[in-house]
Amino acid sequence: MGWIGDTVDSIKSIQIRQLLTQAVSLGMIVTSALIIWKALMCITGSESPVVVVLSGSMEPGFKRGDILFLHMSKDPIRAGEIVVFNIDGREIPIVHRVIKVHERQDTGEVEVLTKGDNNYGDDRLLYAQGQLWLQRHHIMGRAVGFLPYVGWVTIIMTEKPIIKYILIGALGLLVITSKD
Amino acid sequence: MCAMASLSDNLNSPSPTSQIQILNINWFQKQPHGNDEVSLTMNITADLQSLFTWNTKQVFVFVAAEYETPKNSLNQVSLWDAIIPTKEHANFWIQTANKYRFVDQGSNLRGKEFNLTLHWHVMPKTGKMFADKIVMSGYRLPEEYR
């Protein structure tokens, strides 16, 4: 009868060790992703180095679901650049083109007006109450490159959170049941 | 894949050309808020066919007036823009009034010399976007409001 107890004990210890190994593997994967994200932030100099296009205001150039790569340099903002900016009080950043620039002689500060390529009017309606121009501190980055369709994953996961849970559940299952 | 597409774009050496004529100053006034505003009609011709590659989705083109004032070292005001979807559309001629208001920050526009720049922004099917411009100088606004 003793050997049954021994077998049960040994099985338990293997399971605990496996569980711990897998927890560490999962932790490593999450940490690597975080490191890559932070590195991207450092390299591109932007708070949010990648954004997903959420609206059709820049069509046909950018469509909903496209991903934009951002870069922010100290270079002055100029007309024609596609910038990503935040409006006070709005949480979702907007990606539109700069159509007017006024740069001050004394301070070098700049006042900028933007417009979506596919919109009829400029963005003054989107700015905060009484705000006529954007300043540099509103701008998070310039769009320098893009990848079509890939952002749909993020959109679906935000708009249908159940999919996010299913995905995480499936990933979790995969990690736990893998032989490694 | 994205990077390779962009690499092939870099091999392209484009040679776009353009000319802009100001046909008429429609009106030129100081608005109630104190800022000068001018309405003008332009003749814009351009050949941007050399910008298109297999990886080009569209070319965004715009004309901006650029000038300096005592308060501002640079003012860039977009007057007109268009999207060119294909190479066939890229050799064009258009006569148009300014699509966007040419308004100064202040009233510095009388007799003002300015440049007209034709900018293009090539948007790829995937990868890096690139942009450049042609600067045309020698334009001047009237000395008096009209």
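Reader: Why is B:Arg101 called partly exposed?

Author: The relative accessibility of B:Arg101 is 48%. Buried means under 20% relative accessible area and exposed over 50%, with partly exposed in between (1.4 Å probe, protein chains only); B:Arg101 therefore counts as partly exposed. This is a predicted model, in which local features need pLDDT of at least 70 and side-chain atom pairs count only at pLDDT 80 or more, while totals for chains, interfaces and linings use all residues. Residues are numbered from 1 along each chain as its sequence is written, chains are lettered from A and ligands numbered from 1 in the order in which they are written, and side-chain values use heavy atoms, with hydrogens and water left out.

Reader: What makes B:Glu37 buried?

Author: B:Glu37 has a relative accessible area of 5%, so it is called buried.

Reader: How do you know that B:Arg101 and B:Glu37 form a salt bridge?

Author: The closest N and O atoms of B:Arg101 and B:Glu37 are 2.7 Å apart. A salt bridge requires a side-chain nitrogen of Lys or Arg within 4 Å of a carboxyl oxygen of Asp or Glu, and the pair is accordingly counted as one. B:Arg101 lies in the loop between strands E5 (91-97) and E6 (102-103) of chain B and B:Glu37 in strand E2 (residues 36-47), so the bridge ties together parts 64 residues apart in sequence. Strands (E, at least two residues) and helices (H or I, at least four) are DSSP runs, numbered from the N terminus.

Reader: Which residues does the salt bridge network link?

Author: The network links B:Glu113, B:Arg140 and B:Glu143. Within it, the side chains of B:Glu113 and B:Arg140 meet at 3.0 Å, N to O. B:Glu113 is in strand E7 (residues 113-124) and B:Arg140 in strand E9 (residues 130-140) of chain B, 27 residues apart.

Reader: Why does B:Glu113 count as exposed, and B:Arg140 as partly exposed?

Author: B:Glu113 has 55% relative accessibility and so is exposed, whereas B:Arg140, at 49%, is partly exposed.

Reader: What ties A:Glu81 to A:Arg142?

Author: A salt bridge joins them, with the closest N and O atoms 2.7 Å apart. A:Glu81 lies in the loop between E2 and E3 of chain A and A:Arg142 in strand E6 of chain A, so parts 61 residues apart in sequence are tied together. Both A:Glu81 and A:Arg142 are buried.

Reader: How many salt bridges are there over all chains?

Author: The count over all chains is 8.
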